[in-house]
Amino acid sequence: MFSHFFIQTKRIAVIGAGASGLPAIKCCLDEGLLPVCFELSESIGGLWNYTPEARDGRGTVMKSTVINVSKELMAFSDFPIPKEFPMFMHNTLVQKYLEMYAEHFNLLRHVQFQKEVVWCEPTVDFEKTGKWTLKIKDIKSGKIINEIFDGVMAATGHHTAPLLPAFDGQDIFKGRTLHTVQYRDSLEFSEKRVLIIGIGNSGADIACELSRVSSKVVLSTRSGSWVIQRIGDKGMPFDMLGTTRAVQYFQKCLPLSLLNSLTEMQINARFDHEKYGLKPNYPPRAQDPLISDEFHLRIANGLVQIRPNVQHFTGSSVVFVDGSVYDDIDVVIFATGYKIGFTYVDKKVTESRDNVVDLYKFIFPPNLTKPTFSVIGCVQPLGSITPVAELQSRVATRVLKEDVQLPTRKQMWEDIYQKRQELAKHYTHSLRHTVMVEFIDYLDELADIIGCKPRLCKLWLTDPRLAYACTFHPCAAYQYRLTGPLPWKGAREAIFTQWERTLFPLKHRTMKETNETHTRFQYFIMLCTMVTVVTAILTYILFVGHI
Ligand SMILES: NC(=O)C1=CN([C@@H]2O[C@H](COP(=O)(O)OP(=O)(O)OC[C@H]3O[C@@H](n4cnc5c(N)ncnc54)[C@H](OP(=O)(O)O)[C@@H]3O)[C@@H](O)[C@H]2O)C=CC1
């Protein structure tokens with residue numbers, strides 16, 4: 001009768017207090033679990049916690065980094081970003097938002113700073129208990145202690161361990177070399193001749209920044225890249241225009257090849273990627289997008305020069321694969337991405353080979369007999385990581401609480417292989433495309449597991465205004481707090497007011513309001529969706545209904 005008084009709260013180790021670890025802590029608390037978070041540094045924020053000096057084992061943004069996802073699409077599901085914050089935030093404001101989140105939900109008291117988890121393995125009685133032993137090092141004293149936990153949520157990110165290429169002659173190069181993980185600002189590079197290798201978002205951001213101060217900036221790329229912008233038609237955030245259920249539905253109706261051709265036309269209308277020497281030999285939707293509003297301007301100004309891949313280094317020059325040479329180089333910056341790995345976890349639990357991870361839904365190691373270990377934030381969404389990490393945490397904590405059961409080991413492996421095949425079909429082969437997920441599809445998939453996916457059919461009947469907003473407005477995380485476990489009563493209002501919060505920070509000079517936020521593209525999508533739905537209903541009535 002009194003047994004529930006004696007049920008012990010499960011203690012969960014959360015590793016890392018960044019953008020993935022913080023929602024993990026919060027979800028533990030929401031579900032009545034007791035989180036104990038270990039954070040290597042002295043404050044929260046992970047990558048967003050900018051530090052002027054580079055430190056081993058830790059990555060941070062560069063001083064000028066502005067996030068390339070709009071604020072509404074990066075907000076947590078029950079904590080909108082203040083309307084005063086700009087639509088694309090400088091890294092200091094992203095950090096501020098994470099601090100506000102931690103403070104609002106009182107998360108800091110669960111974080112132990114300057115504690116490094118150096119090892120994590122199942123206990124000897126794991127088959128029975130599902131428990132874990134963690135070796136935790138106190139950074140200040142160097143002392144290592146063992147602690148036992150009922151579950152582990154590993155939220156250490158995947159942008160810390162640099163991926164470094166090995167070109168012929170690299171070891172005899174006389175100039176300075178560094179990886180972007182060590183880059184902070186342009187100060188040291190003034191008047192230098194710089195070579196940047198790699199054309200991800202880091203390479204492009206650094207090239208733009210250095211083009212203002214360095215004497216020459218060359219960016220070498222082996223594949224090229226499609227470049228999209230933050231700001232779309234009418235000055236609206238490009239991602240908000242594209243990340244709606246209606247757009248997603250419309251895109252799914254088209255063959256991928258047609259969709260790629262249309263996207264290529266749209267991207268090239270801004271600037272022709274072939275003429276700018278950027279065009280890759282794969283279509284736009286086959287890559288993690290490079291998001292920059294100024295990269296092409298820097299190339300047009302001659303301040304950034306695009307060259308092909310490096311063939312070999314000499315004392316102070318490089319020879320590119322087309323035989324051209326760039327000499328008297330002072331600095332080479334490797335913007336070549338990161339290695340995914342869990343150096344602190346027993347390899348029998350999970351490991352990464354060439355950035356490929358064996359995780360069910362990119363969260364759970366499939367071979368464990370007890371699902372008490374989860375990885376949070378080891379995905380690359382076409383959108384922001386924050387709402388994704390939050391929903392992963394909601395799933396993982398409900399599994400830890402045993403409210404949700406995972407499928408059989410065989411089914412989990414089938415799902416992993418199927419995802420891998422889809423990735424191979426969709427994306428070009430690259431170490432940076434091993435954990436890609438489509439934003440809405442993946443969120444819906446996770447939401448299905450715990451029952452918080454918005455029920456659109458029901459909504460169209462009961463609350464058409466909300467159904468309309470969920471279909472045609474950006475799919476921000478609030479949609480996953482309308483229904484299911486732990487709904488948030490502010491979610492409906494937050495969905496209606498997304499555009500208001502987005503545009504508010506632009507209003508420093510009062511103008512006559514037109515309230516026009518939709519673009520021609522959006523009206524086109526609405527029309528297409530309506531036509532498709534009406535056609536589907538008519539087809540059903542005419543043909544299927546009669547059978
Ligand atoms: N403002 C923002 O919000 C920013 C966000 N980011 C994010 O951080 C993450 C990491 O980005 P980033 O650091 O750019 O890394 P990425 O992995 O995205 O890009 C790495 C680049 O290096 C190239 N490369 C890798 N290995 C080699 C090699 N051996 N030889 C030649 N080229 C090579 C890749 O080419 P290939 O494509 O051929 O593999 C690719 O062009 C991304 O998710 C990015 O979106 C980064 C910076 C700013």
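**A guided look at sheets, domains and a ligand shell**

Guide: Let us start with an open sheet of three strands, whose order is 4-5-6 and whose pairing is antiparallel. This is a predicted model, in which local features need pLDDT of at least 70 and side-chain atom pairs count only at pLDDT 80 or more, while totals for chains, interfaces and linings use all residues. Residues are numbered from 1 along each chain as its sequence is written.

Visitor: What makes strand 4 and strand 5 a pair?

Guide: Two strands pair if DSSP finds at least two bridges between them. Strand 4 and strand 5 (residues 132-138) have seven bridges in the antiparallel sense, so they pass that test. Within this pairing, W119 stands opposite K135 in strand 5. The strands themselves are DSSP runs of E with at least two residues, and helices are runs of H or I with at least four, all numbered from the N terminus.

Visitor: Why do strand 4 and strand 6 count as edges?

Guide: Strand 4 (115-122) and strand 6 (144-149) each have a single partner strand, so one side of each lacks a neighbour in the sheet. From one strand to the next, the twist averages 25°. Such angles are taken between lines fitted to C-alpha atoms (for helices, over the stretch in contact) and run from 0 to 180 degrees between N-to-C directions.

Visitor: What is the order of the open sheet of five strands?

Guide: That order is 3-2-1-7-22, with parallel pairing. Strand 3 (111-113) and strand 22 (373-375) are at its edges, because each has a single partner strand. Neighbouring strands here are turned by 20° against each other on average, direction ignored. Strand 1 (residues 11-15) and strand 2 (residues 34-39) share five bridges in the parallel sense, and A13 has V36 of strand 2 as its bridge partner.

Visitor: How do you know that helix 1 is largely enclosed?

Guide: A residue is buried if 20 or more other C-beta atoms, placed from the backbone, lie within 10 Å of its own, exposed if 12 or fewer do, and partly exposed in between. Eight of the ten residues of helix 1 (residues 21-30) are buried, so the rest of the structure largely encloses this helix. Among the buried ones are L22, I25 and K26. Their cover includes strand 1, strand 2, helix 3 (91-104), strand 7 (151-154) and helix 10 (385-400). After helix 1 comes G32, with a positive phi near 80°.

Visitor: Why is E402 called exposed?

Guide: E402 has 12 other C-beta atoms within 10 Å, so it is exposed. This residue lies in the loop between helix 10 and helix 11 (409-426). Its phi is positive, near 65°, although E402 is not a glycine. Most residues other than glycine have a negative phi.

Visitor: What makes T314 partly exposed?

Guide: T314 has 15 C-beta neighbours inside 10 Å, so it counts as partly exposed. T314 and D168 are 146 residues apart in sequence, yet 8.6 Å apart in space, C-alpha to C-alpha.

Visitor: How is the chain divided into domains?

Guide: There is domain 1 (11-159 + 339-496) and domain 2 (164-336), with bounds from an automatic or database domain assignment. Their C-alpha centres lie 28 Å apart. The contact takes 30 residues from domain 1 and 23 residues from domain 2; two residues are in contact if their C-beta atoms, placed from the backbone, lie within 7 Å.

Visitor: Which residues around the ligand come nearest?

Guide: Of the 27 residues around the ligand, P165, G198, G200, S202 and G337 come nearest. A residue is near a molecule if its C-beta atom, placed from the backbone, lies within 6 Å of it.
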